[in-house]
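Please keep the model open while reading the points below.

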Amino acid sequence: MRALRLTAWGEAPALTEVERPVPHGAEVLVRVEAAGLCRSDLHVIDGAPGALPYRLPFTLGHEVAGQVTALGPAADGVSAGDRVVLYGPWGCGSCARCAAGSDNYCDRRDTLAWHGAGLGRDGGMAEYLLVPSARHLVPIGDLPADQAAPLSDAGLTSYHAVAGLRHALVEGTTAVVIGVGGLGHLAVQALHATTASRVLAVDVREDALALADRSGADFGTLMRPDTARVLRARSGGVGADAVFDFVGAAQTLELATSVLRPGGELAVVGSGGGSLTVAKPGVLPPGFRLSLPFWGTRQELAAVVTLARSGALHVETERFPLSAAAEAIDRLRRGRVRGRTVLVPD
């Protein structure tokens with residue numbers, strides 16, 4: 001079978017022929033129907049030697065949807081023919097967090113030589129994916145694969161960020177989403193579907209604001225010197241109750257803290273290299289709370305799938321055949337992708 005493999009740090013992955021895996025024990029073999037491509041993949045590809053604990057080579061791809069084709073003799077919980085989406089973060093499987101379905105916050109994460117499919121273990125940018133246990137699979141029914149695959153990270157991470165601040169997003173409140181890309185446009189939809197808050201969106205691209213509008217945002221604005229003033233005016237003058245920063249750069253963090261009302265909530269999801277200095281009085285809103293949501297739980301992934309099947313979540317996608325992975329990666333690097341990139345086996 002063909003697979004997109006990372007064979008050297010800092011070098012482009014290669015589409016190569018490898019043997020189709022055979023499931024043993026509790027393993028499950030999934031025929032891949034679609035695999036999402038995101039900036040986390042670029043971070044892995046561009047990693048310096050020793051920066052990540054992963055051992056080369058391995059197949060990329062942590063956003064995966066497909067059909068169960070074979071099971072190991074000890075596998076249970078799924079059947080051949082089931083259509084599933086992958087729960088991507090694989091923890092140790094035995095700590096209290098993993099037992100509760102929160103592999104994303106595995107207590108032993110720092111000791112593992114991998115963090116999941118496509119993250120040190122073979123992932124789904126291939127024709128088949130070997131999954132160590134059915135507990136990493138969530139049924140999707142008739143949901144199209146190119147919609148289901150991005151839910152496993154873009155959808156799940158956005159939903160998890162929103163769920164963590166849902167208590168603060170009651171009627172009459174304001175939420176701001178900074179960065180309306182692969183994750184941000186799904187956060188807008190999750191806010192619209194699961195909270196009573198008005199949703200304001202910010203981006204540097206006009207087409208991203210159009211995407212925010214299609215996703216249910218109440219208002220969108222380009223990032224400019226007066227954006228904080230505009231957003232505060234839209235919030236009734238008091239500022240935002242919650243800000244979701246899907247960029248995480250110095251500029252966006254400055255905007256986030258300047259628009260946040262006292263006692264507000266800031267969730268930083270993006271990893272754009274920005275920083276917050278908490279020791280400077282008067283710079284940060286008093287009483288604000290900061291969270292760094294990471295991925296989500298298996299139970300939340302099931303909830304995300306339910307929302308998608310109901311029509312409340314729709315992923316804006318650009319599809320590429322697996323053979324065109326190099327082109328898809330290049331377009332993502334240059335910021336030419338609208339929504340989420342999805343690779344489909346030829």
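1. Basis of the note. The model is predicted, and local features need pLDDT of at least 70, side-chain atom pairs count only at pLDDT 80 or more, while totals for chains, interfaces and linings use all residues. Residues are numbered from 1 along each chain as its sequence is written, and side-chain values use heavy atoms, with hydrogens and water left out.

2. Helices (H or I, at least four residues) and strands (E, at least two) are DSSP runs, numbered from the N terminus; two strands pair if DSSP finds at least two bridges between them. An open sheet is formed by 3 strands in the order 2-1-4, with antiparallel pairing. Its edge strands, each pairing on one side only, are strand 2 (14–17) and strand 4 (58–59). Strand 1 (residues 2–6) and strand 4 run antiparallel and are joined by 2 bridges; Arg-5 stands opposite Thr-59 in strand 4.

3. Strand 3 and its partners. Strand 3 (residues 28–37) runs antiparallel to strand 18, with 3 bridges, antiparallel to strand 5, with 8 bridges, and antiparallel to strand 9, with 4 bridges. Val-28 stands opposite Leu-71 in strand 5, and the bridge partner of Val-28 in strand 9 is Val-131. Towards strand 18, Gly-36 stands opposite Val-342 and Leu-37 opposite Thr-341.

4. Strand 18. Why is strand 18 largely enclosed by the rest of the structure? The reason is that 5 of the 5 residues of strand 18 (residues 340–344) are buried. Both faces are covered, with Arg-340, Val-342 and Val-344 on one side and Thr-341 and Leu-343 on the other. From strand 17 the chain crosses through helix 9 (residues 325–333) to strand 18 in a right-handed β-α-β crossover, that is, with the strands pointing away from the viewer, the path from the first strand over the helix to the second runs clockwise.

5. The cavity. A search of the whole structure finds 1 cavity of 30 Å³ or more. A cavity is a set of points, on a 1 Å grid over the protein atoms alone, where a 1.4 Å probe fits but cannot get out; lining residues have an atom within 4 Å of a point. The volume of the largest cavity is about 30 Å³. Strand 5 (63–71), strand 6 (83–86) and strand 9 (128–131) each supply at least two residues of its lining. Among the lining residues are Val-30, Val-64, Gly-66, Leu-86, Val-131 and Leu-137.

6. Two individual residues. Leu-137, found in strand 10 (residues 137–139), counts as buried because its relative accessibility is 10%. The C-alpha atoms of Leu-137 and Arg-232 are separated by 42 Å, the two residues being 95 residues apart along the chain. Thr-174 lies in strand 11 (residues 174–178) and counts as buried at 1% relative accessibility.

Terms used:
On a 1 Å grid over the protein atoms alone, a cavity is a set of points where a 1.4 Å probe fits but cannot get out, and a pocket is an open set with protein on both sides within 12 Å along at least five of seven lines; lining residues have an atom within 4 Å of a point. Grid points are joined across faces, edges and corners, and a volume is the space filled by probe spheres set on the points. Buried means under 20% relative accessible area, exposed over 50%, partly exposed in between (1.4 Å probe, protein chains only).
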